[in-house]
Amino acid sequence: MIRVLIADDQGMVRTGFTVFLSAQPDIQVVGEAADGREAVRRAAELAPDVVLMDVRMPVMNGLEATRELLAGGGRSPKVLILTTFDLDDYVYEALRAGASGFLLKDASAAQLAEAVRVVAAGDALLAPQVTRRLIHEFARLGVPRPPAAGRRLAELTERETEVLTLVAQALSNQEIADKLFVAEQTVKTHVGRVLMKLGLRDRAQAIVWAYENGLVRPGE
C-alpha cells in the first residue's frame with residue numbers, strides 16, 4: 001500500500017485528489033496539508049511514501065518544503081511536484097532540492113494514480129515539456145563541470161555510462177531496452193548500479209547529475 005500526503009492550498013483540489021486516490025486498491029491517502037510548513041510537519045507525523053506537493057502555497061512554498069523534507073537524509077518520502085507548468089519556473093530548483101518528478105495539474109485522474117505509483121517505485125516522472133524546460137535551464141545557466149565528475153564517471157562501466165546518458169534524455173526503461181536491444185530487467189539492473197555508484201537517490205537526480213557533470217549537454 002502506497003501512503004500519500006497531499007499538500008495543496010486549494011481545498012477542492014485536495015478533496016478531489018483524496019477521493020480519487022483513496023479509491024485505488026494500492027494507494028492510501030494518510031493526510032492533507034494546506035501549506036508547505038504544514039506539509040513538513042504532517043510528513044514527519046505520518047511518514048508517507050509519496051508527497052503530492054503544490055509549488056505555490058502560503059507560509060512556505062512547495063520548493064522550500066521539498067528542501068526541508070529531504071534535507072535530513074534517512075527515510076524521506078518521494079516528492080511529486082504539482083505544477084501548472086506555464087506559470088511555474090521551478091523545475092530545475094525542485095529537482096536540485098530532491099523532487100522525484102512533476103505532474104501537470106491538468107493531468108487526468110488515471111495519470112495521477114500512475115504518477116504516484118511510478119514515483120513510489122523509485123522512478124523519475126518527467127513530462128516531455130518539463131524535460132525540455134530543464135534542458136533549457138541547464139543551457140541558460142551554463143553549469144560548469146565539477147573537478148570530481150571525471151573520477152566518479154570513471155567508476156561506471158561503458159554500458160552503465162550509456163544507460164545513464166539515455167536516462168538523462170528522459171527515456172523509460174523499456175525505451176532504453178529497445179534502443180540497446182536488451183531486456184528491460186537488464187536496464188533496471190544497470191540503472192540501480194549507476195545510482196549506487198554515484199550516490200544518487202533516483203532517476204531525477206541522475207538526470208540532474210548527467211547534465212551538471214557534462215555527460216549530456218543541451219541540444220544533444
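Is R152 buried, exposed or partly exposed? In this predicted model, R152 comes out as partly exposed, at 30% relative accessibility; the cut-offs are under 20% relative accessible area for buried, over 50% for exposed and partly exposed in between, with a 1.4 Å probe and protein chains only. Residues are numbered from 1 along each chain as its sequence is written, and side-chain values use heavy atoms, with hydrogens and water left out. Because the model is predicted, local features need pLDDT of at least 70 and side-chain atom pairs count only at pLDDT 80 or more, while totals for chains, interfaces and linings use all residues.

R152 sits in helix 7 (residues 149–153). Helices here are DSSP runs of H or I with at least four residues, strands are runs of E with at least two, and both are numbered from the N terminus. Leaving out residues up to four places away in sequence, R152 touches L198, G199 and W209, where contact means heavy atoms within 4.5 Å. R152 and G199 are 47 residues apart along the chain, yet their C-alpha atoms are separated by 9.8 Å.

Zooming out, the protein has 11 helices and five strands. Of its 220 residues, 51% count as buried. Among contacts between residues at least 6 apart in sequence, 67% join residues at least 24 apart.

Next, the cores. In soluble globular proteins, nonpolar side chains tend to be buried together. The largest nonpolar core here holds 26 residues, and A7, M53, L69, V79, I81 and A94 touch the most other members. Such a core is a set of buried Ala, Val, Leu, Ile, Met, Phe, Trp, Tyr and Cys residues joined through side-chain atoms within 4.5 Å. At least two residues of this core come from each of strand 1 (2–7), strand 2 (27–33), helix 2 (36–46), strand 3 (50–54), helix 3 (62–71), strand 4 (78–83), helix 4 (91–97) and helix 11 (203–212). Apart from it lies another core, of 24 residues, including L153, V167, A177 and L180.

I81 and T66 make a handy pair to look at. Beyond residues up to four places away in sequence, I81 touches M53, V55, T66, A94, A99, G101, F102 and L103. T66, part of helix 3, is buried with a relative accessible area of 0%. With neighbours within four places in sequence set aside, T66 contacts M53, V79, I81, A97, G98 and A99. D8, in the loop between strand 1 and helix 1, is buried too, at 0% relative accessibility.

Now for helix packing. The axes of helix 1 (residues 11–22) and helix 5 (residues 109–120) come within 10 Å and cross at roughly 70°; axes are lines fitted to C-alpha atoms, for helices over the stretch in contact, and angles run from 0 to 180 degrees between N-to-C directions. That makes helix 1 roughly perpendicular to helix 5, a label that covers 65 to 115 degrees, with under 35 counted as roughly parallel, over 145 as roughly antiparallel and the rest as oblique. In helix 1, F17, F20 and L21 meet A109, A110, L112, A113 and V116 of helix 5. The buried residues of helix 5 are L112, A113, A115, V116, V118 and V119, and what covers them includes strand 1, helix 1, strand 2, strand 3, strand 4 and strand 5 (101–104). Just after helix 5, G122 takes a positive phi of about 100°.

Helix 10 (residues 184–198) has 15 residues and reaches 21 Å from its first C-alpha to its last, close to the expected 21 Å, which is 1.5 Å times one less than the number of residues. Its buried residues are V187, H190, V191, V194, L195 and L198. Seen down the axis, they fall within an arc of 135°, so they line one face of helix 10; the arc is that of the directions from the helix axis to the C-beta atoms. The face turned away from this buried side carries exposed Q185 and M196. T189, also in helix 10, counts as partly exposed at 33% relative accessibility. After the helix comes G199, with a positive phi near 70°.

Helix 9 (residues 173–180) and helix 10 have axes that come within 8 Å and cross at roughly 110°, and are therefore roughly perpendicular to each other. Here N173, Q174, I176 and A177 of helix 9 meet E184, V187, K188 and V191 of helix 10.
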